[in-house]
Amino acid sequence: MELIFATGNPNKLREASDILSKDITLIMPKNLGFTGEIPETGDTIDANSEMKCRFVFNLFNKSCFADDTALEVAALGGAPGVYSARYAGNEHNDAANRAKLLNELARVNKNNENTRSARFRTVVTLIHKGSLYTFEGCMNGTIAEKESGDKGFGYDSIFIPDGFSCTVAEMTDIQKNAISHRGIAMRKLANFLASL
């Protein structure tokens, strides 16, 4: 089965390929000649995930899926939330996003034991044969005091999942996919596709 993944991010494509069945061939829109930006202007990650999926489905009229992810930090009122990828600006600069988040947390009252608690939440939207389906995954944890690890991307080097003493960027791909928000949502997608 061929499935379009509405992303331009090769890291996300690799993670999805590792989780989904080997019977599923993933294609990015750029492989089909699309070189523009996929819109994600929704107020929530649910809206963004659906928007991206519908956009790509309308372009190619083929089964496709999209995801959107938010890092929600309790002490920052859920920020960066829907703006996680562009927290420090529209450049989508991971290092700048991490630096801004660590700086924001440094200003928060350190006497609050929940100051660094956070969660990642991913919503995957699938359009298959004209019907829309959604799958969600969450990973709870805390924000580290400083960066550690060189694997992964995004906020991986400052996020410590509950039950672990290392950041996601210090884990192997197999360890990360077993517990991550995206891994959980993608396994739900994989199980659904296997049931078709």
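**Reading charged pairs**

Guide: Glu50 is partly exposed, with a relative accessible area of 30%; on this scale buried means under 20%, exposed means over 50%, and partly exposed lies in between, for a 1.4 Å probe and protein chains only. Please keep in mind that this is a predicted model, in which local features need pLDDT of at least 70 and side-chain atom pairs count only at pLDDT 80 or more, while totals for chains, interfaces and linings use all residues. Residues are numbered from 1 along each chain as its sequence is written, and side-chain values use heavy atoms, with hydrogens and water left out.

Visitor: With which residue does Glu50 meet in a salt bridge?

Guide: A salt bridge is a side-chain nitrogen of Lys or Arg within 4 Å of a carboxyl oxygen of Asp or Glu. The partner of Glu50 is Arg54, at 2.8 Å from N to O, and Arg54 is likewise partly exposed, with a relative accessible area of 41%. Both residues belong to helix H2 (residues 45–60), where they are four residues apart, about one turn of the helix; helices (H or I, at least four residues) and strands (E, at least two) are DSSP runs, numbered from the N terminus.

Visitor: Which salt bridge links distant parts of the chain?

Guide: Take Glu72 and Arg119, whose side chains meet at 2.5 Å, N to O. Glu72 is in strand E3 and Arg119 is in strand E5 (residues 117–128), 47 residues apart. Glu72 is buried, with a relative accessible area of 18%, whereas Arg119, at 30%, counts as partly exposed.

Visitor: Which residues do salt bridges that share partners join into one network?

Guide: The network consists of Lys12, Glu15, Asp67, Asp156, Lys176 and Arg182.

Visitor: How far apart are the closest N and O atoms of Asp67 and Lys12?

Guide: In this salt bridge the distance is 3.2 Å. Asp67 lies in strand E3 (residues 64–73) and Lys12 in helix H1 (residues 10–19), so the pair ties together parts that are 55 residues apart in sequence. Asp67 and Lys12 are both buried.

Visitor: Which residues of H1 meet H5?

Guide: Here one looks for contact, which means heavy atoms within 4.5 Å. Lys12, Glu15, Ala16 and Ile19 in H1 meet residues of H5 that include Arg182, Met186 and Ala190.

Visitor: Finally, how many salt bridges are there by this rule?

Guide: The count comes to 15 salt bridges.
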